Amino acid sequence: RAPAALRLADLSPRGLACLAARSGPRMTTPSSAGQVRGAFQPSQGPDSPQPEDAAKVALPRWPAGWHDHLQYHLFFDGLFVQARVFLTPSLEEHSVWVFDHSVGRVEELLNSSEKLVQNPASPSLELQGSRLHIQDGTGGGSISLKDAAGQPELDVKFENRHVFSWLPAGQGSDAVIHRPNLEVTLDYKGKTLRGRGYSKRYFGEYGPHWGYRFIQSSWLDGHKFLWTADATFRLGNGEAKYNYFKLLDGTSGELLQAESKDTYQVDCAGYAEIGGEKYAAVIEPLGEWMHDYKAGDTNSRMQLRYCKLTLKLPGGKELEGYALNERCFGVL
């Protein structure tokens, strides 16, 4: 089959200009991708991503489901920042850590089981704790972290560029929301850095037994962004198998993607076949953050690895950058 590609005009704060499809067999068309009908109301799975209006959408209030998970991966020259909030019926935890290339290891800034509070006056996600504040509203948002003494430690501002939603395996209405190329500004240790980032938010009934592998990249060749997963979100009572491989061109808006059945992952690589041609995302771990989400019925081990990434394309071309490799297995 020919490559599947979604051609999007600039889904940026300037607005959604148009939605078109490139000619050729098995190019994803607006109808097969799902027209924008309303924020985060897709009707199909990962093979038919729904583009959202990046300038107008805002994340739903917290929490939005039995399990709720919000994450940010932020890439800068010489620095990576990770922040996430993870909720099950048994626990809620949030964390922030960095990998500074000049230090050469993961530095944990925050790992807390304090319950974050949703601002009751906000129509979209706004979470406040004693040290962490996340606001994710129309077109973008911010992340602010205080140190243990209550002084500003890290401040992030971001804007949406491309936003996609679809239904994960096992979900009938609750979407996953992907933002693969956020434009990001960071104030940290007296410096202001500009980079690109990724955010994911999903919620709903998952598990209780589950496991997944996920690779997500920094900018590649200056303007391309990869994210790919191999997951099982339920065992028994209807197995919820879930795979995808997406490569976004942030300049043209073209989304190259494998069909779910044609992609998978192993320990340090993700593979895909698109239009009869092979792709491989190969990672080399540089640092690791490991954490057990464990309370009540929840017992899931999460391993996050900051990595070098080589994306091997057909014809022998290779793109290099960095990536977060995320793996989690256990019980929710």
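This is a predicted model: local features need pLDDT of at least 70, side-chain atom pairs count only at pLDDT 80 or more; totals for chains, interfaces and linings use all residues.

Trainee: Is Asp-230 buried or exposed?

Mentor: Check its relative accessible area, which is 16%. The cut-off for buried is under 20%. Asp-230 falls under that cut-off, so Asp-230 counts as buried.

Trainee: Which side chain does the side chain of Asp-230 make a polar contact with?

Mentor: Start with what Asp-230 touches, leaving out residues up to four places away in sequence: Tyr-212, Arg-213, Lys-241, Tyr-242, Asn-243, Tyr-264 and Gln-265. For the side-chain polar contact, the distance is 3.5 Å, and the partner is Asn-243.

Trainee: On to the largest pocket, then. Which element gives the largest share of its lining?

Mentor: The pocket holds about 150 Å³ of space. Two elements give two or more residues to its lining, strand S18 (241–249) and strand S19 (254–258). With three residues, the largest share comes from S18.

Trainee: How many nonpolar residues does the lining of the largest pocket have?

Mentor: Go through the lining residues: Lys-224, Asp-249 and Glu-254 are among them, and so are Ser-252, Tyr-279 and Pro-314. Leu-247, Leu-248, Leu-256 and Leu-313 line the pocket too. By class, that lining has three charged residues, one polar and, for the nonpolar ones, six.

Trainee: And overall, what percentage of the protein's residues count as buried?

Mentor: The fold has one helix and 24 strands. Of its 332 residues, the share that counts as buried is 56%.

Technical notes: Residues are numbered from 1 along each chain as its sequence is written. Side-chain values use heavy atoms; hydrogens and water are left out. Helices (H or I, at least four residues) and strands (E, at least two) are DSSP runs, numbered from the N terminus. Buried means under 20% relative accessible area, exposed over 50%, partly exposed in between (1.4 Å probe, protein chains only). A polar contact is a pair of N or O atoms within 3.5 Å; within protein, one must be able to donate a hydrogen and the other to accept it, and residues adjacent in sequence count only if both atoms are side-chain atoms. Contact means heavy atoms within 4.5 Å. On a 1 Å grid over the protein atoms alone, a cavity is a set of points where a 1.4 Å probe fits but cannot get out, and a pocket is an open set with protein on both sides within 12 Å along at least five of seven lines; lining residues have an atom within 4 Å of a point. Grid points are joined across faces, edges and corners, and a volume is the space filled by probe spheres set on the points. Ala, Val, Leu, Ile, Met, Phe, Trp, Tyr, Cys and Pro count as nonpolar, Asp, Glu, Lys and Arg as charged, and the others, Gly among them, as polar.
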